[in-house]
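I opened my notebook for a first tour of this structure. Here is what I looked up, entry by entry, for anyone joining me.

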Amino acid sequence: MTMLTPRTPTRLAPPGKGRRERKAAELESRTRLAGERLAGFSARPGAQVLQDLSATRNGLTHAEAALRLERHGANVVAHERAPRWWVQLAKAFRNPFIAVLVFLAAVMWWQDPADPGVVILSVMVGISGLLRFWQEFRSGRAADALKKLVTTTCAVQRRAGGAGPTTLEVPMDQVVPGDVVKLAAGDLIPADLRLITSKDLMVGQAALSGESLPVAKADAPPRSAGGTPSSEDLGQFETTDPVEADNLCLMGTSVTSGTATGVVVATGADTYFGSMAGSLVGERPQTNFDNGVRKVSFLLIRFMLVMVPVVFAVNGLTKGDWDEAFLFGIAVAVGLTPEMLPMVVSANLARGAVAMSRHKVVVKRLNAIQNLGAMDVLCTDKTGTLTEDRIVLDRYLDVHGTEDDEVLEYGYLNSHFQTGLKNLMDQAVINRVNEAEEVVVDARFSMVDEIPFDFARRRMSVVLGRNSIVGDLGRSEHVMITKGAVEEVLDLCTHMTDRGRKVELTDQLRRHVTRIAEDNNRQGLRVLAVATRTMSAPRDTYSVADEDGLTLVGFLAFLDPPKADAARALQALADKGIAVKVVTGDNDLVAARVCADVGIDVGHVVLGAEIDALDDTALRALAARTTVFAKVNPVQKARIVRALQADGHTVGFLGDGINDAAALRDADVGISVDTAVDIAKESADIILLEKDLTVLEQGVIQGRTTFGNTIKYIKMTASSNFGNVFSVLVASAFIPFQPMLAIMLLVQNLVYDIAQLATPWDRMDEEYLRRPRNWDAKGIGRFMVCIGPISSIFDIAMFVIMWNVFGANSEAEQALFQSGWFIEGLLSQTLIVHMIRTRKIPFIQSRASWPVMVMTVLAVLTGLYLPFSPLAGSLGFVPLPAGYFPWLIGVLLAYCTLTQLLKTLYIRRFGTWL
């Protein structure tokens, strides 16, 4: 006898591939192997499966279950656990700029432990890291709180030694291969099961397949595709997709109606669900934000590595004091480094997370906020996003395809009087009648008997007594009403109702009514046929044999209706430059119908089978021109995401099922909902408390505002710092003393950086928010080189003024020179913020937010006050004469005017500003 043993390959991808490719190959290999194992169980007769598992229909003994639990381990799948708080804290400081600041602080401390710059840099590093840590730690706890445990136990049949079987409630994590599990409506499937008995079983597989309607499952399905149901469990035709196997129930799905018994064939990591989950833990792939920050960081670091040695060499050679030149070089390095960048970015993202929480959005990973703003392609599932995630009766048609209330009446009677658990379509019929406040017809009938639904017949019938309106002592007339799959019901019909007349169902008419049903199917509707029979000899009980000689009345057509606001939400996303692609596991007809209803240009619907035949290059081309993908599995969804990313897009993925987890993880921003399965929430970066594209639109705007304020700070600071260093180079070459003391540079930088702490609270121009924004290291470098030297023109002008007008042209008067340039440099840096923050004319066409205005005023007043303050002496300042300030105003006005003029020329030349 063969026991099931875990067969998890230890190496699943060639070592030469990148980490993301290896993860993708591992996921594909795991799911394929799991699918092959399950397909084998599906194809074998039930008795053979039990024998292979060394199990019986009566279940395992308690001792056997304990041994198997020890051998196979707990029935749990791999979950991504949040790191310990101290690990999360350490990761918050993992940033290229923080590393540079720590290095600079260490050098300064080594040179002079009492240097105040050490404290300043340490505070900047500490605040930046702690802010990021606290926001992510708090968001992680909020996300964990969203996890709802639906059930923790399941009904398992076990034996005590030689005693008979008893049904026990066993924790799901203690279920083992060979256990016999009993299923009823509402149960979660605790592991992968091979059915051994079933009655009217319907299973919701949306989490695995994306199909919105429940599917029928049975222990004795057809042996071959298109075959007839078997009365004996001989196994099903072999399928490579276990989701489609009619005699398998998979972990992560749930029972919507009926009952069944199944034997566990796989648990934990060996289940189909577990094969996916095992590949989704560990380090996440680099996102658009990560790559952008890295490129920009190293661009600025390269500038620093080039400029600092040049300043050091020029100062040492011209002044002869290499120690002083070294200190000044360190100060320039600090001045060149946007040391507040980690803190400003963290504050920006944290503020964005708080703002999004007001819109019922939980941000698990702060970086995802910027990715949301940069997103230009959103891949989304259909169910619950574009649709209402509920089944409604869309139409009730006669045999010619026109609406007929009589069809609705008979459909309602069938659904209302059946005694079994009403499925979603039965409830939809009842709801349609209740909502329309139709005339109550059930009072005219009474229940006589029913023939329940089963998998083989795919229909159910009720027999009703037609009550007399006046007293009648005789037996009432009996009417059978049958509702079910079109093909099965039509096979039993000999007549049809044609505009109130009963006519024979000829072959020509049979083809006609079949075409009516197929036309509705092609529109994405699930169609059921309704037929009746008036019983000539009423009796108390009826059987399947009586379902014959029926008269076709018409058809009921169901769908998951589009959300009322879906079209508007999609248009709003399109207006923001975001292309929406629907990626669903549901069938192509349903997907095409729903997408067309909400205004999506469907075009050619690509099926998952087509994707498997393409290499990555071909898939990139196909993904670029395709809007709707249907019948796709988890591996195919992830491949679509990666293909779009390889084509240069920033991709968001919205999903809530097990089959979405891989794509959620690979996307630049993974978006899920609080009602999603745990693995989807763990893989997501953002969790919506409402599955609503309108909420997502607000998140996109917030993401772009966050990114805009971040890039605003980088461009303002980098260009300003570059201009300052350029000015230092000129001054060092021609002035016989230091143009500014190292401590002055640090203080100037500190005051400016503190003023920039208000940047996250600034507003962005409406035009900026209309399209996706992305990191552009080349553009930032170009901006620095083109805009930065403007300030040097006016710095040099101030050098000339201080040298010639105020006589600060000797070492004895160097403090006056340094004080004058300190004020001009700080005020020009601070005021230029308002020139750079918008492509419009500042203060007239676009005004900064009040926090930015307040911080600007405070920075200006601080700069003007310091040379006259009690700290002036210790910092090396001297008071400036009154005649200095008119010159200062003139220089600043000229600076702002020239910057605005060059800004216009820059925009014309390059078509962009921020």
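Predicted model: local features only at pLDDT ≥ 70, side-chain atom pairs only at ≥ 80, totals over all residues.

Entry 1: On one side, Val 751, Ile 754 and Ala 755 of H25 make contact with Met 855, Ala 859 and Thr 862 of H28.

**Entry 2: how the pair is arranged.** Next I looked up the geometry. H25 covers residues 742–755 and H28 covers residues 850–865. Their axes lie 9 Å apart, and the packing angle is about 165 degrees. Angles over 145 degrees count as roughly antiparallel, so H25 and H28 are roughly antiparallel to each other. I also noted the hand of the crossing: H25 passes H28 in a right-handed way.

**Entry 3: helix H27.** Is H27 buried or exposed for the most part? I found 20 of its 23 residues buried, so H27 is largely enclosed by the rest of the structure. Then I checked the length of H27, which runs over residues 814–836. At 1.5 Å a residue, H27 should span 33 Å, and its end C-alpha atoms are 32 Å apart, so the two values agree.

**Entry 4: two residues with positive phi.** I went on to the backbone angles.

- Phe 843 sits in the loop between H27 and H28. Its phi is near 70 degrees, a positive value in a residue other than glycine. With a relative accessible area of 41%, Phe 843 is partly exposed.
- Lys 631 lies in the loop that joins strand E21 (628–630) to helix H21 (634–646). Lys 631 is not a glycine either, yet its phi is positive, at about 55 degrees. Its relative accessibility is 40%, so I filed Lys 631 as partly exposed.

**Entry 5: stepping back.** Last, I looked at the whole chain. How many helices and strands does the protein chain have? I noted 30 helices and 24 strands. The protein chain has 914 residues, and 57% of them count as buried. I also looked at contacts with a separation of 6 or more: residues 24 or more positions apart account for 75% of these in the protein chain.

How values were computed: Residues numbered from 1 in each chain as written. Heavy atoms only, no water. Axes fitted to C-alpha atoms, helices over the stretch in contact; angles between N-to-C directions. Helix = DSSP H or I, 4+ residues; strand = E, 2+ residues; numbered from the N terminus. Parallel < 35°, antiparallel > 145°, perpendicular 65-115°, else oblique. Left-handed = near helix turned anticlockwise from the far one by under 90°. Contact = heavy atoms within 4.5 Å. Expected span 1.5 Å × (residues − 1). Buried < 20%, exposed > 50% of the residue type's maximum accessible area, 1.4 Å probe, protein only.
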